[in-house]
Structures are given as C-alpha cells and as structure tokens.
Amino acid sequence: MSKASRLVLLGLLTISMPASWADEAPSSTPSSATSPAAAAAPSPAAGANSVGAASVEPAPGGATAAPAPTEPVLIGADKINSGDTAWMLVSTALVLMMTIPGLALFYGGMVRKKNVLATLMQSFACTCVVTMLWWLIGYSWAFTPGSSPFLGGATRALFRGMSYIHGDTDSKLTVSHLGLTVPETVYAMFQMTFAIITPALIAGAFADRMKFSAMLVFLTVWSLVVYAPIAHMVWEPSGWLALKGVLDYAGGTVVHINAGVAGLASCLVLGKRLGYGKEAMPPHNLTLTLVGASLLWVGWFGFNAGSAVAADGRAGMAMLVTQMATAAAALGWMFAEWIRKGKPSVLGIASGAVAGLVAITPASGFVGPSSAVIIGVVAGVVCFLAATTLKRALGYDDSLDAFGVHGIGGIIGALLTGAFASKEITGSDGSVLTQLWGVGTTLIYGFVASFVILKVIDKTIGLRVTEEQERQGLDISLHGESIE
C-alpha cells in the first residue's frame, strides 16, 4: 500500500479519537409518536421503559390529560398528522425496496451464475410468504400487548379490528399505540417490511445448497417462532427486553443479530458447499451486487429515519447518522482490505457499506454524527475480519457472509449504542450492560430455536439438495430455468 494511502487511513482513524466521542446535539422534545425502538428508552426517573405506559400529565387549566393508550385504539381521523403519514408511506416503500430488488440483487450478484435465479427467487418468495404470515398472526404477536412479556396477543389476527370508518364529518380509524399520528394500516405495513427482510437476510448464509421447499417451511416457522417474539420483547413497551431498557431504534437485535445468528445455525446444520475451500467460487456479476448495495443504502433511510414514525427532528438525525456511519464503514472495510490484500475491491466497499448500515441501525435514533463515524469505522474493520479471518479460522461456510456482516455488525451496533447513546437526543443514558441483555437473549434464543427448526425440517422433508442438483445448479434443478 502506498504512503499516501496510509496517510489517508491515518487521517480517518484520527477523527475517531476519544476527544470527539461526545456529540453536541441540540436539545429537543421527543416526538409524541415514537418508534417502537425509541419506546424502549429507559425513563431517567423510573430506570425502565416508560413509553406506552398509561401516564397522566397536567393539562392546561389544571385538568388531567387522558392516559396514553397501551394498545391500538380508534380515534377521529382529524387527529392524524398528514406529514407523518406521508413520510411513513414513503419509508414503507423504501424498506420494501430493500428486499425487492435491493437484497435480491446484492445476493444474486455474489453467487455463481448457475444459482442466481434461485437466489433472486428466495427474496421474492420470502416477500410473498411473510406478507401472508404478518396478516395471519405475525403483526398481532409482535405489536400488541399479550398475557406474557414474550409474545403478543391475537387481537389483530387477520388484521381484525384494524379499520377505517368513513363519515361525512366524523371519520374514524385505528392507530397503534406506538404511532399515534399515523393510521394503523400504515404502521402495520411499515413493520411488515421489516418482518420481510429479516428472514430474507438469512438466505445469504445457506445460498447454493438449500431446497426451495425446505426454505419455505423454515422461513414460515422462523418468522412466527423467532422473529415475532423477539420483536415483541424489544419493541412492544410491555415486552421483556423493553422493560429492561434495551435500546434498539430500528432493528440491531430484532433484525440483524436475529438473522445473522440464524444464518450461522443454518451453516452448521447444512454443512459446506461442495468444493468449498478447494475450488474458486467467485461472484458471477459484481455489477448486480453494487446496484443491490446502492438500493439497500437508499432504502435504509426509510428503515432508520422511518423508525421515528414521524417527520420530525429525530428522523432527520437518524437519516444523517445513517449516511455518516455507512460512508465510514465502507472506507474502513476498503482500507482494511487494501492493507491486508494489496487492493481495494468492489465487493469489499459494498460489503463495508452494508456493515455500516447494519451497525448504525440500533443506534440511529440515539447518537450524533461523530459517534456514528466511530460506529461505522469499527463495524467496517471488524466485519471485514469476521468475514475473512474469523470464518476461515472456525471453518464454517457462510456463503454470502450473513453472520459475518449482519450478526457481527448487529452486535457491534447494539453494544456501541449503549456506549454512545446521547442523553440530549434520547432523554436518557445508555448502558452497555443493559444492551448485553438484548444481545445475549437474541443470540441464545435465536440460535437455539433456529437450530431446532432446521434439524426438525432436515429429519422430515430434508434441508439440502442432492449432490447432483448442487453441481447442476439450483436454477435448473429446482426451478427449471437458467441464465444463458
């Protein structure tokens, strides 16, 4: 590596010195429509989750304000904020774009040519299946209060009770207690896009070797048995981890650690690809991968800034820090690879950007720009090492580095959220020890549950394609199609 390049790298590291760790963000009053992750912020007084609880505040004239709702409620349509609703509609479309076409292209470009259609099919099919599951019971289990802090109730099964009632002067509609200024239909659809991309991320770990039928069964059971309970525990104010004060603004634990550790479990149960470590398996089209990464980057603004569930200052800060962390991580991975291998690769800078997006996700509503740069640099370098050195040392075959990027990046982001959470932004202090509860719970429950689900499927219908099908390629053997 040239002397000039080393100086540039040194400069990037210099701006991350401890003197710059304290972000100076302007004080602001949190929006009344907070994200489920923002709702997990512990109250300075109570030391536990306080958003969503029935609080009573003095009203003008000495009257008492109505208690805040703790479950979805029916309100007058005049209470809906059109600006917040418009932003959430846009954010929902952006997050859906992250899976189709973003993740589909990102993963599709990295596999071998004989498996590209099968890889694209996984993301598309996942979108369809999870949409039905979310309607069936997933939304209700994740985002309504239940009899236990580990799983929601069934009041919104089949979206029952979610309504819009037109009237000449008094139209009414339901809102979630987690987004009081937007229709519940919009909030449920926004959260559906999170539920869609999470199992789709897992597919990167088992690319090139899982049966399509087995994948459909796995993502169905996993979405209901793993994703919904973790989402409830972290984002529903009455959830177990939310009550402990675990901070996860947009999905560091719920989405990325959850998907990453499930990917690791699938690697171990399925075993390595034929020829892994003995023959070259280069990406067939890095153009698709870079386009996919770019779509993920743009869509992630809906992911993070949309989690404010409002068009407000916190959404603006979340958008800014997302950009900062992503750029820093892409450069961190690029320079680490440049130093290690002598050349910066297109795949490397794209993977680094995704690592930064992953790591800033749990922190995006809680930190300022300088902390975001530090989170990004750390994520870029550490995820590079995880996807290369760690994977090689432990010998598992994580095809597209789902665990190395999403699992490790999610852990980094979740822990650094506790270290860098700004009281001026969140209204409370973060705690690394508290964050460990969220990380540990997701790792243990997610891995064990995923491993059991995979083993049961393997013993019944079988997980893996035959050796002949794998050599021929999944496009032809599973779908009867190919790219010429």
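Predicted model: local features only at pLDDT ≥ 70, side-chain atom pairs only at ≥ 80, totals over all residues.
Residues are numbered from 1 along each chain as its sequence is written, and side-chain values use heavy atoms, with hydrogens and water left out. Helices (H or I, at least four residues) and strands (E, at least two) are DSSP runs, numbered from the N terminus.

**Helix 9 and helix 11**

- Helix 9 covers residues 313-341 and helix 11 covers residues 369-394; their axes come within 7 Å and cross at roughly 40 degrees.
- Axes are lines fitted to C-alpha atoms, for helices over the stretch in contact, with angles from 0 to 180 degrees between N-to-C directions.
- The contact of helix 9 with helix 11 has 18 nonpolar, five polar and four charged residues.
- Nonpolar covers Ala, Val, Leu, Ile, Met, Phe, Trp, Tyr, Cys and Pro; charged covers Asp, Glu, Lys and Arg; the others, Gly among them, are polar.

**Helix 12 and its partners**

- The axes of helix 10 (residues 346-360) and helix 12 (residues 402-420) come within 7 Å and cross at roughly 45 degrees.
- That angle makes helix 10 oblique to helix 12.
- Helix 10 passes helix 12 in a right-handed crossing.
- Helix 10 makes this contact (heavy atoms within 4.5 Å) through Val-354, Ala-355, Val-358 and Ala-359, and helix 12 through Val-405, His-406, Gly-409, Gly-410 and Gly-413.
- The residues of this contact of helix 10 with helix 12 are five nonpolar, four polar and no charged.
- Helix 12 also comes within 7 Å of helix 14 (residues 432-460), axis to axis, with a crossing of roughly 160 degrees.
- That makes helix 12 roughly antiparallel to helix 14.
- The crossing of helix 12 with helix 14 is right-handed.
- On the helix 12 side are Ile-411, Ala-414, Leu-415, Thr-417, Gly-418 and Ala-419; they meet Val-432, Gln-435, Leu-436, Val-439 and Leu-443 in helix 14.
- By class, the contact of helix 12 with helix 14 has eight nonpolar, three polar and no charged residues.

**Cavities**

- There are three cavities of 30 Å³ or more.
- A cavity is a set of points, on a 1 Å grid over the protein atoms alone, where a 1.4 Å probe fits but cannot get out; lining residues have an atom within 4 Å of a point.
- Grid points are joined across faces, edges and corners, and volume is the space filled by probe spheres set on the points.
- The largest cavity holds about 60 Å³.
- Its lining consists of Gln-122, Cys-126, Pro-199, Ala-200, Ile-202, Ala-203, Phe-206, Met-215, Phe-218 and Leu-219.
- Helix 3 (116-143), helix 4 (184-202) and helix 5 (212-235) each give two or more residues to that lining.
- The lining of the largest cavity has nine nonpolar residues, one polar and no charged.

- Ile-100 and Pro-101 are joined by a cis peptide bond, with omega about 15 degrees.
- Pro-101 is in helix 2 (residues 82-110).
- Phe-159 is not a glycine, yet has a positive phi of about 55 degrees.
- Phe-159 sits in the loop between helix 3 and strand 2 (164-165).
- Asp-401, also not a glycine, has a positive phi of about 60 degrees.
- Asp-401 lies in the loop between helix 11 and helix 12.

Terms used: Parallel < 35°, antiparallel > 145°, perpendicular 65-115°, else oblique. Left-handed = near helix turned anticlockwise from the far one by under 90°. 1 Å grid on protein atoms, 1.4 Å probe; cavity = no way out; pocket = protein on both sides within 12 Å on 5 of 7 lines; lining within 4 Å.
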